[in-house]
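This briefing is for a reader meeting the structure for the first time. Look it over below, then take the points topic by topic.

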Amino acid sequence: MRSQDQVGIGRARLAAGARPDVGDTVTVTITVSNDGPDTATGVAVTDSLPVGLSLVSGSMTGGDSRNQTGDPELVWTIDSLVSGGSVDLTYQVVVEAPTGVGGEYTNVVEVTARGQYDPDSVPDNDDGDQSEDDEDNASVTPQQADVSLVKSVDDASPNVGDSVTFTVT
């Protein structure tokens with residue numbers, strides 16, 4: 001008999017649409033898994049939305065409870081996750097116009113609490129490199145196009161009644 005229950009919360013996987021347009025709605029899925037050997041209880045998952053993504057109100061699903069008003073910190077709780085099991089947590093965001101802020105489309109998620117010891121990760125200690133299996137990140141890259149045109153005229157000083165030709169390229 002073990003003196004302490006153990007769980008192995010597998011990678012909190014984050015998936016999102018890769019190349020949306022600004023203004024598009026993207027569905028984000030976080031998969032939280034338990035590699036065991038025991039049932040995980042009291043699991044909290046926190047997703048930190050970057051400035052380039054805005055939460056669609058009421059779109060959070062999954063888990064046993066959710067903080068629907070926590071934008072930009074979204075929090076789910078999972079009361080119980082059996083060994084070998086997984087739970088999908090989802091929500092939708094709108095892709096905002098670029099602001100030039102570094103990481104504005106990089107979304108970070110982490111298990112921030114759990115009731116049992118996990119031998120290969122510590123909850124709520126993300127240092128930005130997502131080096132543990134209870135944290136992950138994903139980025140969306142909005143499509144961009146740099147459209148330009150040039151308009152020219154064949155005679156910039158015509159006489160009244162002259163015909164001129166404008167060329168747009």
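Strand β8 pairs with strand β9 (residues 135-139) over 5 bridges, in the antiparallel sense. This is a predicted model. The protein chain has 11 strands and 0 helices.

**The whole chain**

- Along the sequence, the pattern reads β-β-β-β-β-β-β-β-β-β-β.
- The protein chain has 169 residues, and 36% of them count as buried.
- Among contacts in the protein chain with a separation of 6 or more, 68% are between residues 24 or more positions apart.

**An open sheet**

- The sheet is open and holds 5 strands.
- Their order is β5-β6-β3-β8-β9, with antiparallel pairing.
- Which strands are at the edges? They are β5 (65-66) and β9, and each pairs on one side only.
- In general, strands of a sheet pair through backbone hydrogen bonds, and the sense is either parallel or antiparallel.

**Pairings inside the sheet**

- β3 and β6 run antiparallel and are joined by 8 bridges.
- In this pairing, Ala-44 stands opposite Thr-77 of β6.
- Strand β3 (residues 40-48) also pairs with β8, in the antiparallel sense, over 5 bridges.
- Here Val-45 stands opposite Val-111, a residue of β8.

**Glu-110, a buried charge**

- Glu-110 belongs to strand β8 (residues 106-113).
- Is Glu-110 buried or exposed? Glu-110 is buried, yet has no salt bridge.
- The nearest side chain of opposite charge is Arg-114, 8.1 Å away. A salt bridge needs a side-chain nitrogen within 4 Å of a carboxyl oxygen.
- What does Glu-110 touch, leaving aside neighbours within four places in sequence? Its contacts include Ala-44, Val-45 and Thr-46.
- Val-122, Pro-123, Asp-124, Asn-125 and Asp-126 are also among the contacts of Glu-110.
- Asp-134 and Glu-135 are in contact with Glu-110 as well.

**An aromatic pair**

- How many aromatic pairs does the structure hold? It holds 1.
- The ring centres of Trp-76 and Tyr-91 lie 5.7 Å apart, with the planes at 40°, so the pair is tilted.
- Trp-76 sits in strand β6 (residues 73-81) and Tyr-91 in strand β7 (residues 86-95), so the pair ties together parts 15 residues apart in sequence.
- Trp-76 is buried, because its relative accessible area is 0%.
- Tyr-91 is buried too, because its relative accessible area is 1%.

**A charge over a ring**

- Lys-151 lies over the face of Phe-166.
- The distance from Lys-151 to the ring centre is 4.7 Å.

**Backbone features in loops**

- Which peptide bond is cis? The bond from Gly-36 to Pro-37 is cis, with omega near 15°.
- Pro-37 is placed in the loop between β2 (25-33) and β3.
- Asp-124 has a positive phi, near 60°, in a residue other than glycine.
- Asp-124 lies in the loop between β8 and β9.
- Asp-124 counts as exposed, because its relative accessibility is 54%.
- Asp-124 is also one of the residues in contact with Glu-110.

**Two exposed glycines**

- Gly-84 lies in the loop between β6 and β7.
- Gly-84 counts as exposed, because its relative accessibility is 69%.
- From C-alpha to C-alpha, Gly-84 and Ser-33 are 7.1 Å apart in space, while they are 51 residues apart in sequence.
- Gly-100 lies in the loop between β7 and β8.
- Gly-100 counts as exposed, because its relative accessibility is 67%.
- Gly-100 and Gly-52 are 48 residues apart in sequence, and 9.6 Å apart in space from C-alpha to C-alpha.

How values were computed:
Residues are numbered from 1 along each chain as its sequence is written. This is a predicted model: local features need pLDDT of at least 70, side-chain atom pairs count only at pLDDT 80 or more; totals for chains, interfaces and linings use all residues. Side-chain values use heavy atoms; hydrogens and water are left out. Rings of Phe, Tyr and Trp (its six-membered ring) pair if their centres lie within 6.5 Å; planes under 30 degrees apart count as stacked, over 60 as edge-to-face and the rest as tilted. Helices (H or I, at least four residues) and strands (E, at least two) are DSSP runs, numbered from the N terminus. Buried means under 20% relative accessible area, exposed over 50%, partly exposed in between (1.4 Å probe, protein chains only). A charge sits over a ring if NZ of Lys or CZ of Arg is within 6 Å of the ring centre and within 35 degrees of the ring normal. Lys and Arg count as positive and Asp and Glu as negative; His and the chain ends are not counted. Contact means heavy atoms within 4.5 Å. Two strands pair if DSSP finds at least two bridges between them.
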